[in-house]
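Visitor: I would like to learn how to read a few features of a structure. Please show me the model, and then let us take the features in turn.

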Amino acid sequence: MFKDEARLLKKENDDIARWLPEEDEDIIDKIMESLGIFRVNSFDAQVIRRDLIGMAEEARLRSSNMKEVIGDDIKLFTYDLIKNSRGSSKLEIILLYLKSISGIVLLSLGFFGTINLTQFSWDVSLLGLFSLVNYITYFFLISKLVRPLLNMEGWHRFGFYWSAYVGISTYSYAIIFGSLGTAMNENFKVFINKGYVLLVAGLIYLVSEYFYRKNIKNLAQDRSNYYEDLTD
């Protein structure tokens, strides 16, 4: 029910990639981490991955490997892949962003409202919601835009420092907006009904999911040879 052409292709790629030599799989993973939805749409990314897996299998039959096929300049190879692809899908980026916001709002308000039944209130701070949306936007851009860009530039070699930077910056961001929200709440106490928030967030999530799958179907329309055997 929740599968689309990109997810079907990803599942098959995952199954095949398990049989590749570890060094070939690592190279393919680094290339895929560098693509990102701001550079290549999700369906084309899985098509590229399938082609890379095919290259690795052919190289293995010749007693070779991916490094010998691609060469030392993985960055240039990745740029060529992006240049020859159809690029990103702006609609996909918008829909994924809406799904992230609505999904996390649903989980956050639903989860904390459920575990704090003794203090359950159907009102929620408007400023708190604004801070939550800002936080989700920050995390979305870091994970979907900044990280793939840094991976392409070779920063994946500094995984520990990158993880530390993301952790510290995210924590600092939460502290700053949390303090700002507390200070402003002293003067601006605006609350809205939490039930309405949950209802709107749920509707946004369902509509975004529907159009996301429809967009993936459109992207896959002229490339049915890649997935039609997966849907039988």
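Visitor: Which side chains meet aspartate 15 in a salt bridge, and at what distance from N to O?

Guide: Side chains of opposite charge can pair when their charged atoms come close. In this predicted model, arginine 18 and aspartate 15 form such a salt bridge, at 3.9 Å from N to O. Salt bridges with shared partners also connect Asp4, Arg7, Lys99 and Glu209 into one network.

Visitor: How exposed are arginine 18 and aspartate 15?

Guide: Arginine 18 has a relative accessibility of 59% and counts as exposed, because the cut-off for that class is over 50%. Aspartate 15, at 31%, counts as partly exposed.

Visitor: Is aspartate 4 buried or exposed?

Guide: Aspartate 4 is buried, because its relative accessibility of 3% falls under 20%. The side chain of aspartate 4 makes a salt bridge with that of arginine 7, 3.6 Å from N to O. Arginine 7 is partly exposed, with a relative accessible area of 33%.

Visitor: Which side chain meets arginine 50 in a salt bridge?

Guide: The partner of arginine 50 is glutamate 12, at 2.2 Å from N to O. Over the whole structure, a search finds 10 salt bridges.

Visitor: Where is asparagine 13, and what is in contact with it?

Guide: Asparagine 13 sits in helix α1, which covers residues 5-17. Once neighbours within four places in sequence are left aside, asparagine 13 is in contact with Gln46, Arg49, Arg50 and Ile53. Asparagine 13 counts as buried, because its relative accessibility is 0%.

Visitor: What does methionine 66 contact beyond its neighbours in sequence?

Guide: With neighbours within four places in sequence left aside, methionine 66 is in contact with Asp24, Ile27, Ile28, Leu52, Met55, Ala56 and Gly71. Take isoleucine 27 from that list: methionine 66 and isoleucine 27 are 39 residues apart in sequence, and their C-alpha atoms are 7.4 Å apart in space. Methionine 66 lies in helix α4 and is buried, because its relative accessibility is 0%.

Visitor: What can the phi angle tell me about serine 63?

Guide: Most residues other than glycine have a negative phi. Serine 63 is not a glycine, yet its phi is positive, about 60 degrees. Serine 63 is found in the loop between α3 (42-61) and α4 (66-70). With a relative accessible area of 69%, serine 63 is exposed.

Visitor: Let us turn to the surface. Which residues gather in a patch of negative charge?

Guide: The patch of negative charge on the surface consists of Glu22, Glu23, Asp26, Asp29 and Glu33. Take glutamate 23 as the example: this residue lies in helix α2, residues 22-35. Its relative accessible area is 48%, so glutamate 23 is classed as partly exposed.

Visitor: Which residues form the nonpolar patch?

Guide: Ile94, Leu98, Val200 and Ile204 form a nonpolar patch on the surface, and their accessible area together is about 310 Å². Helices α6 (90-115) and α9 (194-219) each supply at least two residues of this patch. Leucine 98 is placed in helix α6. This residue is partly exposed, because its relative accessible area is 33%.

Visitor: How many helices and strands does the protein have, and in what pattern?

Guide: The secondary structure comes to 9 helices and 2 strands. Along the sequence, the pattern reads α-α-α-α-α-α-β-α-α-β-α.

Visitor: What share of the contacts joins residues 24 or more positions apart?

Guide: Among contacts with a separation of 6 or more, residues 24 or more positions apart account for 88%.

Definitions and conventions. Residues numbered from 1 in each chain as written. Predicted model: local features only at pLDDT ≥ 70, side-chain atom pairs only at ≥ 80, totals over all residues. Heavy atoms only, no water. Patch = residues over 30% accessible without salt bridge, like charges linked within 9 Å, V, L, I, M, F, W, Y side chains within 5 Å. Areas by Shrake-Rupley, 256 points an atom, 1.4 Å probe, with all protein chains shown as cover. Salt bridge = Lys/Arg side-chain N within 4 Å of Asp/Glu carboxyl O. Lys, Arg positive; Asp, Glu negative; His and termini not counted. Charge placed at Lys NZ, Arg CZ, Asp CG, Glu CD. Helix = DSSP H or I, 4+ residues; strand = E, 2+ residues; numbered from the N terminus. Buried < 20%, exposed > 50% of the residue type's maximum accessible area, 1.4 Å probe, protein only. Contact = heavy atoms within 4.5 Å.
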